[in-house]
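Good morning, and thank you for coming. I shall present one structure today, and I ask you to keep it in view while I speak.

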Amino acid sequence: MPFWVSMNKIRFDNVSKAYSGGKMALSDVSLELVEGEVTFLTGHSGAGKSSFLKLIMRDQLASSGRITVNGVDLASIKERNLPYYRRGLGVVFQDHHLLMDRTVFENVAVPLSLIGLSDKVTARRVRAALTIVGLEGLSKSKPVELSAGERQRVGIARAVVMRPRVLLADEPTGNLDPELSLRAMELFAQFTEIGSIVVIASHDLPLINQIEARVVELKEGLVIDDSRQ
Amino acid sequence: MSSHLPWPKSRFNIGFYLKSHVSNFRTAFAFFGRRFFFSVGVSLLLGIAMVLPASLWLFYKNLVNIDQEWSGQPGLVVYLEIHANDGEIKRTLEELQSLKDLRDLYIVPADQALKRFGYLTGVGDLKELLGANPLPFSIQGYLANDVEYFDYEKLRKKIKKMPHIDDVVLEIEWLENLREITGLVNLLLIVYVILFAIASAFISFTSIKIAIEDRLTEVKILKLVGATNAQIRRPFLYCGVLYGLVGAIAGLVIVTLTMAWMYEPLRFILDSNVSGLGFFGVTSFFVPLVLICGASVGWLGAIFGVQPQMKKLELL
């Protein structure tokens with residue numbers, strides 16, 4: 001495919017996900033996510049937002065239907081190749097999941113330590129990621145010394161340091177105040193400018209309404225609304 | 001673009017691969033230090049488990065050593081016919097001396113034999129008691145060093161057929177007993193080595209499982225950001241190797257102290273029976289052997305501890 005053609009695309013074709021016990025997390029979901037677009041997944045708890053993200057992460061397999069990323073069926077990716085797929089993803093959680101015994105710098109550098117970059121390049125990219133989230137002065141601090149908002153931003157920096165093609169966030173603003181939440185969302189939106197697909201699961205409707213984005217509403221695993229605002 | 005992945009896969013880089021091994025070893029070392037008492041406890045357990053087969057192996061090597069040192073020197077006693085005269089005795093001695101299979105032959109007169117018998121049994125002067133000496137002249141000596149064990153019986157029969165010879169006795173009963181014991185120790189050694197390997201691997205397996213549980217968040221994060229299973233498990237494998245190595249060192253110290261404590265009493269016994277016999281102790285061959293065994297068993301246990309965890313691990 002020529003380099004100038006849009007590369008990043010996630011497509012859900014009639015995707016359903018059932019867990020043991022028969023609970024349908026997702027039901028016949030069909031949609032397409034493209035690069036340069038921020039998509040909010042909304043809905044109450046249990047609507048299927050996290051399951052949607054887990055399917056993209058290939059932490060789970062769809063029970064039926066097909067999910068393709070850039071034309072590649074996720075189900076066809078072999079187990080041994082999954083790590084290489086996940087290196088193209090950036091994931092942010094509500095609980096930041098930082099390594100408390102390491103510095104901010106070391107936390108952000110974790111993904112880079114897997115791909116053989118030189119120390120110089122690693123340092124440059126970590127500093128750049130910390131600058132994006134506004135924490136360039138705290139690289140030597142440990143997470144225990146940071147506030148909840150700062151820890152969340154470290155989590156975001158770790159997610160973006162690899163310049164992910166797909167940025168996923170699961171309730172990333174749950175522990176943040178409104179001002180920080182808005183800043184975090186604006187930060188995610190910036191990544192569309194470098195061609196990332198950004199998908200954010202959130203039930204914070206007032207916050208979502210402040211961002212110009214696509215909104216996909218889920219209810220009991222079904223897509224009940226898919227619109228731009 | 002690869003048809004199996006949505007984006008290109010990073011290329012294998014040997015420099016990075018080697019560097020990551022060094023880094024993983026440092027991580028394992030740091031973990032060992034952070035959980036120092038736990039790690040030392042695990043290593044000590046491994047070391048103690050290693051002491052029995054290691055000591056048994058040394059014991060076995062010493063038995064083999066004794067066997068080899070003595071096996072070239074079994075003695076023999078050639079009993080002459082009771083009525084053999086001096087001339088016949090001398091001719092028999094000359095004939096036996098001409099055989100290259102024998103050495104250091106000498107005549108033991110009947111009177112001397114009777115005196116020694118009386119002394120050993122504590123009876124005293126048997127000639128007075130018996131009136132006449134019932135014992136014959138004998139010729140005693142040793143088999144040559146190059147006579148094979150399997151030829152002993154053939155040689156014995158050959159000598160027995162010679163004129164004026166009544167009986168030939170080879171002093172190999174103790175040697176056969178020694179061989180039996182050596183065989184038994186060898187069997188015990190195999191059993192204990194297998195048991196030790198299983199026990200030590202299990203200790204390492206359990207310890208590594210605990211180490212993984214301790215670092216579960218880190219492991220899940222690594223999996224999430226695209227670490228391969230090899231990258232995730234490597235520090236734990238190095239941890240297992242460290243446990244095994246330190247355990248091996250602990251085991252070596254215990255064995256060395258035990259051997260040092262036993263050396264003098266054993267030396268006394270050996271010197272009383274065989275002079276100049278070497279004592280097989282903790283050597284430059286034994287030390288790396290134990291270290292390699294310890295590291296291998298530690299690694300093996302770690303592999304069994306890590307693999308199932310990797311399979312069932314979910315992302316955050």
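**Where the chains meet**

In this predicted model, 25 residues of chain A are in contact with 21 residues of chain B; two residues count as in contact if their C-beta atoms, placed from the backbone, lie within 7 Å. On the side of chain B that touches chain A, helix 8 (residues 216-224) of chain B gives the largest share, 4 residues. Helices here are DSSP runs of H or I with at least four residues, strands are runs of E with at least two, and both are numbered from the N terminus.

Residues are numbered from 1 along each chain as its sequence is written, while chains are lettered from A and ligands numbered from 1 in the order in which they are written. As the model is predicted, local features need pLDDT of at least 70 and side-chain atom pairs count only at pLDDT 80 or more, whereas totals for chains, interfaces and linings use all residues.

I turn now to chain A. Its secondary structure consists of 7 helices and 10 strands. The radius of gyration of chain A, taken over C-alpha atoms, is 17 Å, close to the 17 Å from the globule rule (2.2 Å times the number of residues to the power 0.38) for 229 residues, so chain A is as compact as a globular protein of that length. Its C-alpha trace spans about 45 × 40 × 40 Å along the principal axes.

How confident is the predictor in chain A? The mean pLDDT, a confidence for each residue from 0 to 100, is 89 in chain A, and 97% of its residues reach 70 or more.
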